[in-house]
Amino acid sequence: MIRHIVMLKLAANADQAELQAVMSGLAALELPGFLAFEHGENIDLENKSPDLPYGFICTFSGQTALETYAADPAHQALGARLVALCEGSGDGITVIDLIVGGAG
């Protein structure tokens with residue numbers, strides 16, 4: 001499995017209703033191997049990521065499923081909306097893809 005972890009450096013004026021609409025859109029995606037979606041505020045208890053106040057995690061069955069998600073037009077449209085909410089556009093988004101539970 002792969003955990004696709006996305007952390008957002010939201011712009012000061014980011015529209016919270018739009019952020020929630022994008023999160024709802026991502027959660028509603030129905031793609032092969034897209035197993036789970038979670039999102040929420042980063043409480044940053046260790047003070048390691050104060051500039052990344054929000055994020056989400058997608059769980060994929062493997063690399064093919066993640067690649068399908070990346071190429072999906074609905075995901076790309078939602079991603080464009082997300083980029084518009086972040087400070088520095090795409091530079092305000094940090095992505096980590098972790099292989100968990102064995103090979104991806």
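In β4, Ile 96 is the bridge partner of Ile 5. The model is predicted: local features need pLDDT of at least 70, side-chain atom pairs count only at pLDDT 80 or more, and totals for chains, interfaces and linings use all residues. Residues are numbered from 1 along each chain as its sequence is written, and side-chain values use heavy atoms, leaving out hydrogens and water.

**Sheet**

- Strand β1 (residues 2-8) and β4 run antiparallel, joined by seven bridges.
- Two strands count as paired if DSSP finds at least two bridges between them.
- The four strands form an open sheet in the order β2-β3-β1-β4, with antiparallel pairing.
- β2 (34-41) and β4 (93-99) are the edge strands, and each pairs on one side only.
- From one strand to the next, the twist averages 15°.
- Helix α1 (residues 16-28) packs on this sheet and touches β1, β2 and β3 (54-60). Its direction makes about 165° with that of β2.
- Contact here means heavy atoms within 4.5 Å. Angles run from 0 to 180 degrees between N-to-C directions, and axes are lines fitted to C-alpha atoms, for helices over the stretch in contact.

**Chain overview**

- The chain holds three helices and four strands. Helices (H or I, at least four residues) and strands (E, at least two) are DSSP runs, numbered from the N terminus.
- The elements run β-α-β-β-α-α-β from the N terminus on.
- The radius of gyration is 14 Å, close to the 13 Å that the globule rule gives for 104 residues, so the chain is as compact as a globular protein of that length. The radius is taken over C-alpha atoms, and the rule is 2.2 Å times the number of residues to the power 0.38.
- Along the principal axes, the C-alpha atoms fill a box of roughly 35 × 30 × 20 Å.
- Of the 104 residues, 35% count as buried. Buried means under 20% relative accessible area, exposed over 50%, and partly exposed in between (1.4 Å probe, protein chains only).
- Of the contacts with a separation of 6 or more, 74% come from residues 24 or more positions apart.

**Helix α2**

- α2 lies across β1, β2, β3 and β4, and runs at about 130° to β3.
- Ala 65, Leu 66 and Tyr 69 are the buried residues of α2. Seen down the helix axis, they fall within an arc of 100°, so they line one face of α2. The arc is that of the directions from the helix axis to the C-beta atoms.
- Those buried residues pack against β1, α1, β2, β3, α3 and β4.
- Thr 64 and Ala 71 are exposed, on the face of α2 turned away from its buried side.

**Where α2 meets α3**

- Helix α2 (residues 63-71) packs on helix α3 (residues 73-85) at an angle of about 65°, with the axes 5 Å apart.
- Tyr 69, Ala 70 and Ala 71 in α2 meet Pro 73, His 75 and Gln 76 in α3.
- The residues of this contact are four nonpolar, two polar and no charged. Ala, Val, Leu, Ile, Met, Phe, Trp, Tyr, Cys and Pro count as nonpolar, Asp, Glu, Lys and Arg as charged, and the others, Gly among them, as polar.

**Cys 86**

- Cys 86 sits in the loop between α3 and β4.
- Cys 86 counts as buried because its relative accessibility is 6%.
- Cys 86 and Ala 11 are 75 residues apart in sequence, but 4.8 Å apart in space, C-alpha to C-alpha.
- Leaving out residues up to four places away in sequence, Cys 86 touches Leu 8, Lys 9, Leu 10, Ala 11, Gly 92 and Ile 93.
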